[in-house]
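Open the model in your viewer and keep the selection panel at hand. The stops below go from the contact between two chains to a single residue.

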Amino acid sequence: MTFTAPVLNYAQLAPMLIVLGGALIGVLIEAFGPRASRHASQLFITVASLVAAFAALVRVRNQSSVDAAMGSVGFDGAGVLLQGTILIIALLSVFLIADQENFTALAAAVPGSSEERESLQLDLRVTEVYPLTLFAVAGMLLFPVSTDLITLFVALEMLSLPLYLMAGLSRRRRLMSQESALKYFLLGAFSSAFLLFGVAYLYGYSNSVTFAGIQASITGGSGNDVFLLLGIAFISVGLLFKVGAVPFHAWSPDVYQGAPTAITGFMAAATKVAAFGAILRIFYVAFANAEWQWKPALVLIAIVTMVFGSVVAITQRDVKRMLAYSSIAHAGFLLAGVIALSKSGLDASIFYLFAYGIATVGAFGVVTLVRDSAGEVTDLNRWSGLGKRSPLVASVFAFFLLAFAGIPLTSGFIGKFSIFSAAYETGSTAILIAGVLSSAIAAFFYIRVIVLMFFKDPVEDGTSVVIPSALTTTTIAVTSLITLILGIFPAPLINFIESSAFFIR
Amino acid sequence: MLTIQTPEAVMFWFLAPLAVISAIGMLLVKKAVHSALLLAWVMITLAIFYIAQDALFLGIVQIVVYTGAVMMLFLFILMLVGVDASDSLTETIRGLRPIAITAALGFGGLLVSLIGRATLGREAAGLVDANSEGNVQALAKLLFSTYVWPFEVVSALLITAALGAMVLAHHQRSVPRATQREQAIARFRGASLGSAAGLPNPGVFARHNAVDVPALLPDGSAAPNSISATLKARGDMLESTQFELSEVDNTVTEEK
């Protein structure tokens, strides 16, 4: 038997390898580093590896190859853009995570026990969140560039596992946080099983696990369409669960509410980019020629997701749950870009993902600031009159909400406009109508929150806005600035995406 | 061309229904241990199928790793939690169970009807072909050439799992455990020398010497530190006053 050694293109894999290396150093620091300096060194390693990974990505931005890792990883313009987006969002989220007020002092302590009190007095810190975040980021970087189903599955697990864990590490209301982590884990494992089931059917159909092989089988017309249909359906279940599309959304409000707010921001923004990246690649590359098999179902899911997310968000009384339902609605808008199945759809989706991810991190960053003596205040009633007491924080939050609503002069408007016009160009009128209608519904509840903050009298119950740490300030300032710039002057980014976004086949 | 020999067909039709029945039984039985044992049976059946289809290595791994290691961990944890512990099966949302059963039956029916009609559309390659260089060798070749990247990445997944287990389960001792020497010093330097010779034994001598009765101090009151804290917390402590001499019925009845 002859064995040819595998050839890996290390330059193109460098961003992932750097992030993984940073995570491993983080694990070693946890094992051997002195407790006093752990937080500072972990933060340094995390930020340094994210920045280094971004630099490594910039170095290879113009390369493209199907063979970055023996056919498992495809490296192309769209992949570079998605990976870059994930790295930027991760960096901004790490600044929020660095404010350890959000995390429990000792995850193993039973909530309410004397051990928990002691750990709080000793000011212990769960610095393991840094390597866990890096592992999740590495999985997210791999997810949108994987070009075979096995790598896709491994990447999915790699990004999910740390998130399941970190969702349960909230400092306050720990039982709710642990419940949300368990829910996320069980439902996530269930959806991964669906994805694997789909992988098995697609292998049966095409005799190949690579996207290119599946695409060749579809164009060749060989094989049985039942297997193809089942494979597409099950893989879609697994992927749509990650983005929280209806009817696979049930986990997201609970997990968004229970998880520490910094993790919620990271999860909401970066997971969505990674998962939509993978969805775009698999539907644009592998399933494009079987369009008529999946389009009707996906159109239906997109419309239901938009409408359900927007309508249910109206009734929410908790700001994190409201943002969760808003993210469900946004998943519906983003599916419009997948359904468009065109170059303009791809460009619009990538722009939307960038704009939405940045605004989401910023919005959750603001949520961490509104606190009372027992921790964060997420009850919307207690946010009333916030604009009179802390006009700056309330205005920044209002600005992010306007961006979610898609009001002109914010990045959200450009994103929504381009994604709906891409859907319209390819003839998906139903999507367009549903999208515009649910945007209008969504605008109602965003603006209701703004009215609540600025035109209601403040309640005197100890709710106050804390002075943010320097890192949190940086995140909120940078995200709001990017959201504003993309709203006023989006042309450079749009042109850049248009010139470089493509999927290699 | 892949041919299925009669013995294999007989084995399949004998084992497959058993596997399906035990898989369904796994969901229906009330006790967790029974469920785990049924799962073990499903895994063993699968391993036999793998071996019958020439995937020798996969079959052995299935038995060693899943049935051997993972299942034993399952049982181990069940024993730790308590074999008799049963889940609360009350529905928190009314009517959820019939809806779930209907949906599951519908979904299963849909799958069966679809897959029943499916054909592969081409000849299966067969494992004789894939195993021409040896089963383990062919697997190794794939793992270290074509799938080397996902294979390596899985290592990160395992590290994440280990780190996660540490985060969730590792207790940080806030104060170092007192050594025997420190404990002895503390006993003698304490507020009273009463504890220097050890705690008093429970029980009222000659009357009731069980562990759940506190000892009586010279003044007739109960000595609280003679009883284990666990028994006190559980409320399993008897009043020692009922064993005081004045309370005891001391009329003697003559026994024949």
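A salt bridge is a side-chain nitrogen of Lys or Arg within 4 Å of a carboxyl oxygen of Asp or Glu. Between chain B and chain A the count is 0 salt bridges. This is a predicted model, in which local features need pLDDT of at least 70 and side-chain atom pairs count only at pLDDT 80 or more, while totals for chains, interfaces and linings use all residues. Residues are numbered from 1 along each chain as its sequence is written, chains are lettered from A and ligands numbered from 1 in the order in which they are written, and side-chain values use heavy atoms, with hydrogens and water left out.

Select the contact (heavy atoms within 4.5 Å). Chain B brings 36 residues to it and chain A brings 55 residues. The buried area, meaning the accessible area (1.4 Å probe) that two parts lose on being put together, summed over both, is about 3800 Å², and carbon and sulfur atoms give 76% of it. Now pick Trp149(B), Val167(B) and Gln172(B): they supply 19% of the area that chain B buries against chain A, more than any other three residues.

Next, select Pro144(A), in the loop between α5 (129-142) and α6 (149-166) of chain A; helices are DSSP runs (H or I, at least four residues), as are strands (E, at least two), numbered from the N terminus. Is Pro144(A) buried or exposed? Its relative accessible area is 0%, so Pro144(A) is buried (under 20%; exposed is over 50%, partly exposed in between; 1.4 Å probe, protein chains only). Show its neighbours: Pro144(A) touches residues including Leu82(A), Ile86(A) and Arg281(A).

Definitions and conventions
Lists of a residue's contacts leave out its neighbours within four places in sequence.
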